Amino acid sequence: MSDFDSPADTPQPSGHRRSTKRSRYDDSEASTPRDSSPDELADHQPYRSRLSTRRDSGPRRRAHSSDGSVDELDHTYHERNRDRNRDRSSSSSTRDSSHSSPRPPSPPTYRPLKLNYQLKFILKGHRKGVAQVRFSPDGRWIASCSADGTIKIWDAATGKHMRTLEGHLAGVSTIAWSPDSNTIASGSDDKTIRLWHRTTGKAYPATLAGHHNYVYSLAFSPKGNMLVSGSYDEAVFLWDLRARRLMRSLPAHSDPVGGVDFIRDGTLVCSCSTDGLTRVWDTATGQCLRTLVHEDNAPVTTVRFSPNGRYILAFTLDSCVRLWDYVSGTVKKTYQGHVNKKYSLGGAFGVSGSDGFIVSGSEDGDIVFWDVRTKDVVQRAEKAHEGVVCWVDTSPGSDATVVSGGLDGTVKIWVNIPEGGEVVDGMNGVKLEQDGVDADMVDVKIEDRDGYDDTLRDDASMDGRRSPNRGRGRNGNSRSHDRMDED
Amino acid sequence: MNLSLVDPFVLAQDYPESTTGSLRSGHATCVRFNRKGDFLAAGRVDGTVVIFDVETNGVARKLKGHTRQVQSLSWSRDGRYLLTASQDWKCNIWDLSDGSIVRSVRFEAPIYIGELHPWNHFKFVVALFDDQPLFVDATNREAIKMTLPSAPKRTRYDEDEATTDKQAAQDAKQNTTVVVFTASGEHVISGTSKGWLNIIELSTRTTIYSTKICSGVVIYLRVTSSGRDVVLNASDRIIRTIQLPNLTAADLDPDTIDMEVEHKFQDVVNRLSWNHVCFSSTGEYVTASTYNNHDIYIWERNHGSLVKILEGPKEEHGVVEWHPHRPLIAACGLETGRIHIWSIIPQQRWSALAPDFVEVEENVEYIEHEDEFDIHPQEEIHKRRLDLEDEDIDVLTIEPVKGSIIEEENPFRMPVQLDLNDSDGEEEFIAIGRGEMRRKSPTDGRDYTLEGDAVASGDDRKSKTKKRR
């Protein structure tokens, strides 16, 4: 029935995938210490991190030399996807037709959702691909993490660069904000989770160590007392943040865990994995309460609870985003129209007026917005980034600013300009897309310089004991003194 | 929100089954859950109050300010303020948003119990040793103490010089040993050393009703969360549950109040005394810790029968508390000062791990569907699947969860301290090298000394805390 059933191609990838992953890891460990030099990092970082692929730790390297090369894994992938694409084009919205979607008319009472997101700021500074961008719960800040091993905090309203958090020994794949917006947790390929003060930019002394492999996803509990982490080591850990203690280890999956999330009241945790399963866990007892699996068994890379906690949004590597009713265990909606075959992309729920939308990045550089109810693509920000748009997040406020991060190392802020965007175009410093780029270039230059500062600092501190404080003492503080008062 | 997924049989279980763990921070002598049930306050022998996070079983906050053993604890309704009464003759009101003492009231006598007003976190009542109970209004920095009567209200019908005199003499010797607020906070129920139960109206500070409930001393009183019932522990080894009249009724005539004992719980075989009693979350059950015995008893109130004797760690338990909405009991071990937890260990349902498996009670003969093995082209399956997704869904509207407390406008949320200093000996074992542990010696952690040494350690503490301040 499902195209994953054929035994010819399934076992092989899974076996292969894992062995390559490990051997690669061992290799690098043996030949070059992971934190030896920035160059070494540079060598394999761009293709790693969340950005990178799960099925293709092999290609990660190969892609270096020849981008077009497809190994056997990719091959199987493409074949599968070709089928799927065909299906999709026959069924509903393909990429091209998505603007005028052929879906049956929505219920008469329903007013179609209109979105008009325009670029507001380009934030440059990361030297490598941006894996995740997240709005703080109070909506004032944006944190972005990157394969270059740093986390940057930006002012959401002005786009100003506030701080750079350094300390991880490898690329940072995931970040999460505490509910009070004062702490950031980051998970990295150096297998540790760090907690950072937002105001000082300093890390809390003790890291959360315990994962045996890359930390890939994090989420705070709504009260801020717990953290859930998903890792490449196939486990999901629940941490007591006050004591920095591993509270519970959930024997979650048989493949790397791609995403984790907390429900709004903190009683449930969900996790997803490359093995195609999404599991729902009871926080209090650590028991698995529900497993969601789609017939096609496509690898699930990111999961998110809906704002009201009734549904789970799952991003899968078959270019679909599915909305699950986890109580009944059924798919309620399937959103298509973006490309997601290789990278673990992320998206978010947003609110426009009283309606909900879903936004996600795409591997072709677009950002795609769907109406939650009709599944229509309501907006497509074409070529939002050069290359893959890894992560998109919405601000918690009612205006739902959108921020995106891409493999090109930039972070972009988008705002919704309601009805007749051309007219109000000059308002609030919001410019047309083209102008926006130009206008922001000024800002960008500053950030760029900052970026170079980072480089210098990095070079200096990379081999020795990395102390973000010392580095910051020199130039970081001087830059952000005025803003510290705000805090 | 996990309720819809949890096994209904687990949810139907409403009292704990077995011990599931323990909490430790020093030597705890009393515990109390907040109304939401996410935090457990524990008072220690050394005067420190520790707030445990029930979700993580970790310490959320430590409150240092008392110099002697903590006697009783009482949370404000929103969980932001905590009233502590200590053997240093002081009551403190703590603000948990920053851990500061907002009010500290000193009394002229040791305190049996302090109880916070259910709606006003600056008002409380205290029962004092060998003294009249007080109603304290600490709204201003200078707390106003108002004396409440201990003497029972006598009916005037048997007016007779001799008996009145005798009664007056008796009443003068009578002391209030325990006070609690009713749900509305307009009345105080008090128990006396002669076994009387008084209802005191706060506005007039007069006893409006009295009844002699038992012959011994009333040790403890507790009102259910609904405020309709009260449980009473007395020194005559009997636990009584009593239904409260509606004291807020407009046409309340104190003379017509009739309070009858609903159930009497006792162990007639072993003649056990009870250290502490408490209601279950709904008031359906009553639990008690036993004197000179290790067990915790649970009775149900429908028929008044004993439903469970919880066995646990081999030690006697003092204060026992039931979680406000879960089948979970916490009790303080008297010897070790550990807080033991009884709860339910749910079984993992294996069908939850694999959605295509179903747990069945009996074998089911499988009947194949007509079209079960029909082969459809991929596209058709896909299309059909997508077409099925025409349901109208709402990802934004938050539905209230049944059975949970309706959240207030701005619910208080205790800040999470990530830099909590819990270095002063939470663990009995300390690492002395790689892979080597040793038990902490009694000298470097005074927390573990027995009651007898408590005085000395208390003094130590005093100097220490002073320095700290």
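Is K223(A) buried, partly exposed or exposed? I looked this up first. K223(A) has a relative accessible area of 25%, so I put it down as partly exposed. I note here that the model is predicted.

**Entry: the contact between chains**

I looked for the partner of K223(A). Its side chain meets that of E55(B) in a salt bridge, at 2.7 Å from N to O. I then placed both residues. K223(A) sits in the loop between β10 (215–220) and β11 (226–231) of chain A, and E55(B) in the loop between β4 (49–53) and β5 (58–63) of chain B, so this pair joins two chains. E55(B) has a relative accessible area of 30% and is also partly exposed. I found that D38(B) belongs here as well: K223(A), D38(B) and E55(B) are linked in a network of salt bridges.

I have 17 salt bridges over all chains. I followed up two within chain B.

R32(B) and E115(B) meet through their side chains at 3.8 Å, N to O. I find R32(B) in strand β2 (residues 28–33) and E115(B) in strand β10 (residues 111–116), 83 residues apart. R32(B) is buried, with a relative accessible area of 15%. E115(B) is buried too, at 10%.

R301(B) and D229(B) form a salt bridge of 2.8 Å, N to O. R301(B) lies in the loop between β24 (296–300) and β25 (306–310), while D229(B) is in strand β19 (residues 229–234), so the bridge ties together parts of chain B that are 72 residues apart in sequence. I list both residues as buried.

**Entry: helix α3 of chain B**

Which residues of α3(B) are buried? I get I381(B), H382(B), R385(B) and L386(B). Looking down the axis of α3(B), I see these buried residues within an arc of 125 degrees, so they line one face of the helix.

I checked the loop between β28 (339–343) and α3 (378–388) of chain B, where D371(B) is found. D371(B) is part of a patch of negative charge on the surface, together with E368(B), E370(B) and D374(B). I recorded D371(B) as partly exposed, because its relative accessibility is 47%.

V364(B) is also in the loop between β28 and α3. With V358(B) and V360(B), V364(B) forms a nonpolar surface patch, and I noted about 310 Å² of accessible area for the three together. V364(B) counts as exposed, because its relative accessibility is 61% and the cut-off for exposed is over 50%.

Key: Residues are numbered from 1 along each chain as its sequence is written. Chains are lettered from A and ligands numbered from 1 in the order in which they are written. This is a predicted model: local features need pLDDT of at least 70, side-chain atom pairs count only at pLDDT 80 or more; totals for chains, interfaces and linings use all residues. Side-chain values use heavy atoms; hydrogens and water are left out. Patches are made of residues with over 30% relative accessible area and no salt bridge: like charges are joined within 9 Å, nonpolar side chains (Val, Leu, Ile, Met, Phe, Trp, Tyr) within 5 Å. Accessible areas come from the Shrake-Rupley method with a 1.4 Å probe; for residues, only the protein chains shown count as cover. A salt bridge is a side-chain nitrogen of Lys or Arg within 4 Å of a carboxyl oxygen of Asp or Glu. Lys and Arg count as positive and Asp and Glu as negative; His and the chain ends are not counted. The place of a charge is taken as NZ of Lys, CZ of Arg, CG of Asp or CD of Glu. Helices (H or I, at least four residues) and strands (E, at least two) are DSSP runs, numbered from the N terminus. Buried means under 20% relative accessible area, exposed over 50%, partly exposed in between (1.4 Å probe, protein chains only). The arc is that of the directions from the helix axis to the C-beta atoms.
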